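Welcome! Here is a short briefing to read alongside the structure, with a few topics to look up one at a time.

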Amino acid sequence: LRSVQFLGGVATEDLVRGQASWTHRNLFHRGHRFTATARASFIEQSLHIDYLFPYVLNTKSSVVLSPFGQHFLERNIYELFQGGITNSFIYRYSNDLTGTASYQFSRNLELSEQFDEALPDTTFEYNLSSFQLSGYYSPGLTSREQEGWVVQPYLEFSGLLGGASFSFQKFSLDVRRFTRISPSTTLAARVNLGGILDVARDSLPQNIRFYLGGTSSIRGWNRNQLGPKRARFDSTGAFRGYSPVGGQAQFGFNAEIRQQLNSFIEGFGMALFLDGGQVWRRANSIGERSLQFAVGGGFRYQSPIGPIRIDVGYKLNPTDEDLNIYQGIDRGGNLERIGIHFSVGQAF
């Protein structure tokens, strides 16, 4: 009836992460479930409480009430304190298809770094009130030996009931395909795209915008570093680097060949990949920035806790901002073309 769970991990981006959760099942002898979960890493710290009401309409439906508080620190972009509640209706049509309709309200305090360090950081308070629709379709997919399709659509409508500081419509689609070429070889592919509509130019909070790049995104670029950027300066006016600004539209893809090498070392494997994508400041400016690509490879070890992964990506067509070049002066060096990624778990 009651259980405690502890999880931990390491990765290039958040360095160390941990999670502790306590679950009480079958409350009031009605199948209700209460779970309190605390998570912490160098990027996110959060506390979530989930109260599940099963079998609301039938045995396929349930309702979850989820108050939460969390803190995000995206270095050189923003810092966010957020608290609110999410109310979700979940309908599991079959083992392959699940749909969720949610309403979320949150109060937010965003601290945004100024690009000129002679100026103080800005403080931005706002409310979010949005309806969210999402789906998960995975015919033929198994958790251990990936094969088949995964389709995940998402829609968000903000400001319909008032109480929101911003009105917008946000959508995204993530499609994945895992194809077994041979008993030891898998072709994995992913395409994801998204857009934000009906919003004033550059007025959205930074945490709502799209970003690409990182260990589980477009490898070769560090976390959130693919896309438009702005130069940062210190109090003397000296150049300090570039910071991503995100955008209202994004497209990304990953293609990866995964080869098991069990004949050499049990559980050992390798992968070759091609990643690409772009982020655009506005949904109507897609033609202003072309797609950027990275190639690379890495090693995998299938441990009891999941695949331990090391990937090295090489940027094929980086911009001057990607290479830390400012006013024609190279301030980064050749290593700016390379991204090294370490994590537990596959990239997708």
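**A buried charged pair and its surroundings**

Arg 300 and Asp 311 are both buried. They form a salt bridge, and their closest N and O atoms are 2.7 Å apart. Keep in mind that this is a predicted model.

**Salt bridges**

- Side chains of opposite charge can pair when their charged atoms come close.
- Arg 300 sits in strand β16 (residues 292-303) and Asp 311 in strand β17, so this pair ties together parts that are eleven residues apart in sequence.
- Glu 256 and Arg 258 make another salt bridge, with 2.5 Å between the closest N and O atoms, and both of these residues are buried.
- Which residues are linked in a network of salt bridges? The network joins Arg 219, Glu 256, Arg 258, Asp 275, Arg 300, Arg 309 and Asp 311.
- Asp 14 pairs with Arg 17 in a salt bridge, where the closest N and O atoms are 3.2 Å apart.
- Asp 14 counts as buried because its relative accessibility is 13%, under the 20% cut-off.
- Arg 17 has a relative accessible area of 28%, so this residue is partly exposed.
- The structure holds twelve salt bridges.

- Two elements give two or more residues to the nonpolar patch: β17 (306-315) and β20 (338-344).
- Which element gives the most to the nonpolar patch? That is β17, with three residues.
- Is Leu 335 buried or exposed? Leu 335 is exposed, because its relative accessible area is 67% and the cut-off for exposed is over 50%.

**Two asparagines with positive phi**

- Most residues other than glycine have a negative phi.
- Asn 224 has a positive phi, near 65°. Look for Asn 224 in the loop between β11 (185-197) and β12 (229-233).
- Asn 224 is buried, because its relative accessible area is 11%.
- Asn 324 also has a positive phi, near 60°. The loop between β17 and β18 (325-326) is where Asn 324 is found.
- With a relative accessible area of 18%, Asn 324 is buried.

Terms used
Residues are numbered from 1 along each chain as its sequence is written. This is a predicted model: local features need pLDDT of at least 70, side-chain atom pairs count only at pLDDT 80 or more; totals for chains, interfaces and linings use all residues. Side-chain values use heavy atoms; hydrogens and water are left out. Helices (H or I, at least four residues) and strands (E, at least two) are DSSP runs, numbered from the N terminus. Buried means under 20% relative accessible area, exposed over 50%, partly exposed in between (1.4 Å probe, protein chains only). A salt bridge is a side-chain nitrogen of Lys or Arg within 4 Å of a carboxyl oxygen of Asp or Glu.
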